[in-house]
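Here is a friendly look at how charged side chains pair up in one protein model. Have the viewer open as you read.

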Amino acid sequence: MGKFETPFEDTLETFKNLISVAELDRYINIDIVSDNNMKKIYSVSKTNEYTKFKVGVDATIFLNELIFEQLNDLHRTIVAEEAIAALYFNTEKDKLEVKTPDVKTFSGILAKYKDHYESLQESIRTLYEMEKNKK
């Protein structure tokens, strides 16, 4: 089995809906890829010029779907929004930027989900521990 996999349809739908709400799909193409060996729940990267030319993808969100799928619906939404928040398209410069969180996460995500964010982090830690213990 390869390192990367195509995420489940429900996972893709969650991300595509939130990307559409953020209107990023008007400016860039984002690929969502599952990598269940990741130590973090997600990682965001901008593709290089060659990859963009060859496959037409501007950015990739790598997701540990094994952990992601075990979260409740609200926590999955928070993780997806947090990953998408890292992508910023500067329309004045016509340039994609990958931002880093301004707090432990992005302040906008934290403000929106302040009552649920700590339980999300604890759920993720617990799920990683359970996966580690399985091995």
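## Glu-81 and Lys-112

Glu-81 has a relative accessible area of 14%, so this residue counts as buried (under 20% relative accessible area, with exposed over 50% and partly exposed in between; 1.4 Å probe, protein chains only). Its partner in a salt bridge is Lys-112, with the closest N and O atoms 3.1 Å apart. The pair links distant parts of the chain, 31 residues apart: Glu-81 sits in helix α4 and Lys-112 in helix α5 (residues 107-112). Lys-112 is exposed, at 53% relative accessibility.

A salt bridge here is a side-chain nitrogen of Lys or Arg within 4 Å of a carboxyl oxygen of Asp or Glu. Helices (H or I, at least four residues) and strands (E, at least two) are DSSP runs, numbered from the N terminus.

## About the model

This is a predicted model, where local features need pLDDT of at least 70, side-chain atom pairs count only at pLDDT 80 or more, and totals for chains, interfaces and linings use all residues. Residues are numbered from 1 along each chain as its sequence is written, and side-chain values use heavy atoms, leaving out hydrogens and water.

## Other pairs

The structure holds 8 salt bridges. One of them joins Asp-35 and Lys-3 at 3.8 Å, N to O. Asp-35 lies in the loop between β1 (30-34) and β2 (42-46), and Lys-3 in the segment before α1 (9-21), 32 residues apart. Asp-35 is buried at 5%, whereas Lys-3 is partly exposed at 49%.

Within helix α4 (residues 73-85), Asp-73 and Arg-76 are 3 residues apart, about one turn of the helix. Their side chains meet in a salt bridge at 2.1 Å, N to O. Asp-73 is exposed at 54% relative accessibility, while Arg-76 is buried at 15%.
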